[in-house]
Amino acid sequence: MNILEQVGIENYITLSALLFCIGAFGLLYRRNAIIMFMSIEIMLNAVNLLLVAFSSYHEDPSGQVFVFFTMAVAAAEVAVGLAILVSVFRNIGNIDIDNLKNLKG
Amino acid sequence: MNTTILLLLFAPLVGFLINTFFGKSLGKTISGVIGTTAIVVSFLCTISLFSQINTDGKEITFHLADWFSIGSIQVNFSFLFDQLSVLWLLFVTGIGALIHLYSISYMHEDENMHKFFSYLNLFVFFMIALVAGSNLLIMFIGWEGVGLCSYLLIGFWYKNQDYNDAAKKAFIMNRIGDLGFLIGIFILGFHFQTLEFLEIKDLLGKDLITPSLLSIAALCLFIGACGKSAQLPLATWLPDAMAGPTPVSALIHAATMVTAGIFMITRMNFLFDVCHEVQNVIAIVGAITAIVAASIGLVQNDIKKVLAYSTVSQLGLMFLALGLGAYEVAVFHVITHAFFKACLFLGSGSVIHALHGEQDMKNMGGLRKVMPITFWTMMISTLAISGIFPFSGFWSKDEILMTAFHNNIPLWIIGSIASIMTAFYMFRLMYLTFFNDFRGTDEQKHHLHESPALITIPLVILATLAAIGGAISLPGNSWLNHYLAPLFAHKSHEAHTLGTTEYTLMAVATLGALLGIAIAYSKYLKKKEIPVADSEVQGLHKVLSNKYYLDEIYVAIIVKPIYIISSFAKKYVEKFISNAVIGLGGATYALSLKGKKIQNGNIGVYLFAFIFGMVGFLVYVFIIRDVK
């Protein structure tokens, strides 16, 4: 049967909110750029989860289509982001974001 | 025919372009020859047009291009060649060509000779546009163009700040008049829905609904003419304009440009004919200018200044004739004046040339023997301007005085006194310059010489014209009046039939001139008086040599108040505005100093602000607002 009837939409919402908050706090507290990237991925996937859940709840597949797009874009973002990190590492020898202050106004 | 007209219009422009872009590399003589050739071409074309119009008497309208149309007003680049404009072009291009020829020699030592010729060519081009334009706007283009060239040429020796000031003065004075002219054009355009001379003339024949509006328009046009033709109260620029090279004074400030005001009024004669109050104003202003300028001319010591005041005075006489409705008489005097005044200016240029720039008559004298050609040509022109029979000035001045006598005796008296003064100061000039002993330095005396042929040939031609020019309009048998008759609506003033009155008037005028000459003779030739320096003169003499303090009065009533207002504005208004602006800038700067601390380059802080901002926003949208 429909998986929603066994678990319930509220739980999905709670889970995804928890995941999003974990990601957000990870982003704020950690200084290592790779960990921050991972936090961002968690946040993205929390949103994806919610999208899929609601898509199933409303019996409207377009939400799931959106998820595919999100994943594709996220993959592209990671590719670019990691490339930037590699070049940052080559320049300053570490990837602590506190050392990236060249943009100071 | 179209080719002739195109050549006539654009030959000077082509000369201007060549001299502007290639003049320096072509060398002085060639650039002078090109400039002169351009004007000669125009002159030849004018002769062919003139002979055609003189035979069949039909005007030619030449449409060059459309310009613009607003509402029902259509303005085109079109030109009107009728008796008046072709006659005017004839002496503009003719005298222009002679003066160009003269300048080849006169300006040969100047490093910017090509520039001089390009300006002169441009001037003639605009003058042709002014004279030949078939509507008021084309005339206005020419009007402004000649003003520009006048400015450029007065300030031609731009390294002297006095000359630059004189150029600016001429330009600003003219601007005042031009504003009047422009307003006049607007009123006429508004009233008639056209700017074409011939159409206005036709319409004016049909309706006379708002003569007061027309009077205002005519008065505005007259203000424009005042500025351009140096009439009081806008006259003071012309004497200062003598700062320009002498050929410029001869061409622009004696023979052609300053007569533009008279041309314009003659062109619009159908308008002035219906505005009698304005005609009275013109006559009175002309008479006052004639006598005021002549009296100032009595005591000037600069040879060119004397001629400048004489020009203003003669222009005043022409305006007197215009105001009395005797347009053909004014035109006659314009023509004879162009001959003898151009000759006088060129002659004074020849003298100045021989003395290496000396213009003060106190340091001249005795030049008769060394410069015979210059002396005799100037003598003929002096006799002409003084009104001695049978030289040209006698006939034209006499016509003006006769017209004045028949219309208004006081004006006749003023004009006659101005004529006596003219005879006096012109002979004073001749005696001081050419008679007695030379008063300059030995160095100058050593270098005295007659000028070269390029200078003397134009002098001889102009002196000949000054001598015989009166033949075009002899009393009783006037070719000029007959030729111009189609232009004037009213029955042309018949050249006065010769009765006892006329002979008496002629005798009186001649006696007056002889009186002026006699005074000058006894004072400057027999007693050998030398005028004292301007700083030592006393009484009335002092008032005259300070030009009735006209410049000082203008400074006191116009320039000073403006300075006071502007220094007030600078002190308070300017301070307030600039402080407000500076304060605003300062506040922004101080704020941004604080604000820039937010942007400290720390990515952690950015993220923190970003997330909490977003959370705060969501809290507001979904919780706080919903609760409300």
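Let's start inside chain B. Helix 20 of chain B has these buried residues: Ile455(B), Thr456(B), Pro458(B), Leu459(B), Leu462(B), Ala463(B), Leu465(B), Ala466(B) and Ala467(B). Keep in mind that this is a predicted model.

What do those buried residues pack against? Four helices of chain B are the partners: helix 3 (83-106), helix 15 (327-354), helix 16 (372-386) and helix 17 (392-407).

Now the helix itself. Helix 20 covers residues 453-468 of chain B, so 16 residues by the helix assignment. From first C-alpha to last, helix 20 reaches 22 Å. That is close to the 22 Å expected at 1.5 Å a residue.

A word on the pattern. An α-helix has 3.6 residues a turn, so residues three or four places apart point the same way. Look at the buried list again with that in mind. It includes Ile455(B), Leu459(B), Leu462(B) and Ala466(B).

Next, the whole of chain B. Its secondary structure comes to 25 helices and 4 strands. The C-alpha trace of chain B spans about 115 × 70 × 55 Å along its principal axes. The chain has 628 residues, and 50% of them are buried. Take the contacts in chain B with a separation of 6 or more: 80% of them join residues 24 or more positions apart.

Last stop, chain A. Ile13(A) sits in helix 2 of that chain, residues 9-29. Is Ile13(A) buried, exposed or partly exposed? Ile13(A) counts as partly exposed, because it has 15 C-beta neighbours inside 10 Å. Ile13(A) and Phe54(A) lie 41 residues apart in sequence. In space, their C-alpha atoms are 9.1 Å apart.

Note on methods. Residues are numbered from 1 along each chain as its sequence is written. Chains are lettered from A and ligands numbered from 1 in the order in which they are written. This is a predicted model: local features need pLDDT of at least 70, side-chain atom pairs count only at pLDDT 80 or more; totals for chains, interfaces and linings use all residues. Helices (H or I, at least four residues) and strands (E, at least two) are DSSP runs, numbered from the N terminus. A residue is buried if 20 or more other C-beta atoms lie within 10 Å of its own, exposed if 12 or fewer, and partly exposed in between; C-beta atoms are placed from the backbone. Two residues are in contact if their C-beta atoms, placed from the backbone, lie within 7 Å. The expected span of a helix is 1.5 Å times one less than its number of residues.
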